[in-house]
Amino acid sequence: MKILITGSNGMLGHDLIEVLKNSHELILTTSKTLDITDEQHVLDFIGQLKPDVVINAAAYTDVDGCEQNQELAYAVNGEGVKNLALASRQVDCALVHISTDYVFDGSATEPIAEDGEIGPISVYGKSKLKAEQAIQEILDKFYIVRTAWLYGINGKNFPKTMLELAENHSQITVVYDEVGTPTYTPDLADAISNLIETDYYGIYHITNSDYCSWCEFARYIFEIAEKDVKVIPVTASEFARPAPRPSYSVLKNKNWIDKGFKPLRSYKEAIKEYIELIK
Ligand SMILES: NC(=O)c1ccc[n+]([C@@H]2O[C@H](COP(=O)([O-])OP(=O)(O)OC[C@H]3O[C@@H](n4cnc5c(N)ncnc54)[C@H](OP(=O)(O)O)[C@@H]3O)[C@@H](O)[C@H]2O)c1
């Protein structure tokens, strides 16, 4: 297939390329070559190249930055995705869009299925929800993939930060009252590569299996990496940040399993592989 990837310089973009490059023709774009907020350019570019699938891995992902730069957040995460949906409709191609557990408010007490009640509490979450809504209004051929707590080789992420801190700290404070599922970008990219081989359009929750708090995740990272760092649990309100985060956003991968796909491996196995790789 001819697949256009936006945000191909990003963390997930990098792994999508790795997973897809041998079996597909890839058109790779970045914010410089295809700014998704430029509606006319998006329509012309996709109209000319006529891909079979567009995978949107582009976003303004700085969750705290979104609180301060709301206009930019809605422009990239909302309007930008609407532009991609309009362009996809124009050439009748499928759109894969990556969304987030931050469209939920955190009040759930058990893993949330795709039809769980939406209620974003941050500008980032609200802007990502705008995109989901636009896609569903404009397109029939879409896969909206909500995922969570991403980490991979090509980007800033929580495990990397923890390991950097371990170099010169003997103890660190980490939030314990936010629970979710760390997800390894190569595993997510692999799942997306399987999904686009089907016409099972719709909304999917795709994360690694199992779940933890940030604090438990940090402890596990230090255990695997054999770092002697004491992790001191703090509440999210003690660790004040501009954007509120959901306190519980474990995503039940229901639609994925119902469609016959295998659950992704546990986050514990995935992080072991990652640490081995970056050591
Ligand atoms: N990271 C997470 O924990 C997480 C969790 C759940 C869902 N997600 C979602 O997963 C997707 C991938 O996330 P990621 O962590 O891989 O993101 P990332 O590393 O921050 O990459 C995002 C990419 O988007 C590009 N971009 C920004 N503005 C753009 C614009 N106006 N036009 C075109 N490209 C633009 C950036 O390009 P430049 O660098 O050139 O500006 C960057 O390469 C995003 O949709 C994100 O919302 C992420």
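Ile 192 reaches across the fold. Setting aside neighbours within four places in sequence, Ile 192 is in contact with Leu 16, Ile 55, Val 96 and Val 145. The model is predicted.

Ile 192 also belongs to the largest nonpolar core, which has 80 residues. Ile 55, Leu 95, Ile 135, Ile 192 and Ala 218 touch the most other members of this core. Helix H8 (residues 214-224) gives the core its largest share, seven residues.

**The sheet**

Six strands form an open sheet. Their order is S2-S1-S3-S4-S5-S10, and the pairing is parallel. Strand S2 (25-28) and strand S10 (202-205) stand at the edges. Each has a single partner strand, so one side of each is left without a neighbour in the sheet. From one strand to the next, the twist averages 20 degrees.

Helix H5 (residues 123-138) lies across strand S4 (94-100) and S5. The helix runs at about 155 degrees to S4.

**Helix H1**

The buried residues of H1 are Leu 12, Gly 13, His 14, Asp 15, Leu 16 and Leu 20.

**Around the ligand**

The largest share of the shell around the ligand, three residues, comes from H1. Helix H1 (11-20), helix H4 (70-91) and S4 each supply at least two residues of the shell. There are 26 residues around the ligand, and Gly 7, Gly 10, Met 11, Ala 58 and Ala 59 come nearest. By class, the shell has 12 nonpolar, 13 polar and one charged residues.

**An exposed position**

Is Asp 44 buried or exposed? Asp 44 is exposed, because 12 other C-beta atoms lie within 10 Å, and a residue counts as exposed at 12 or fewer. Asp 44 lies in helix H2 (residues 39-49). Asp 44 and Ala 87 are 43 residues apart along the chain. Their C-alpha atoms are separated by 8.1 Å.

How values were computed:
Residues are numbered from 1 along each chain as its sequence is written. This is a predicted model: local features need pLDDT of at least 70, side-chain atom pairs count only at pLDDT 80 or more; totals for chains, interfaces and linings use all residues. Two strands pair if DSSP finds at least two bridges between them. Helices (H or I, at least four residues) and strands (E, at least two) are DSSP runs, numbered from the N terminus. Axes are lines fitted to C-alpha atoms, for helices over the stretch in contact, and angles run from 0 to 180 degrees between N-to-C directions. Two residues are in contact if their C-beta atoms, placed from the backbone, lie within 7 Å. A residue is near a molecule or strand if its C-beta atom, placed from the backbone, lies within 6 Å of it. Ala, Val, Leu, Ile, Met, Phe, Trp, Tyr, Cys and Pro count as nonpolar, Asp, Glu, Lys and Arg as charged, and the others, Gly among them, as polar. A residue is buried if 20 or more other C-beta atoms lie within 10 Å of its own, exposed if 12 or fewer, and partly exposed in between; C-beta atoms are placed from the backbone. A nonpolar core is a set of buried Ala, Val, Leu, Ile, Met, Phe, Trp, Tyr and Cys residues joined through C-beta atoms within 7 Å.
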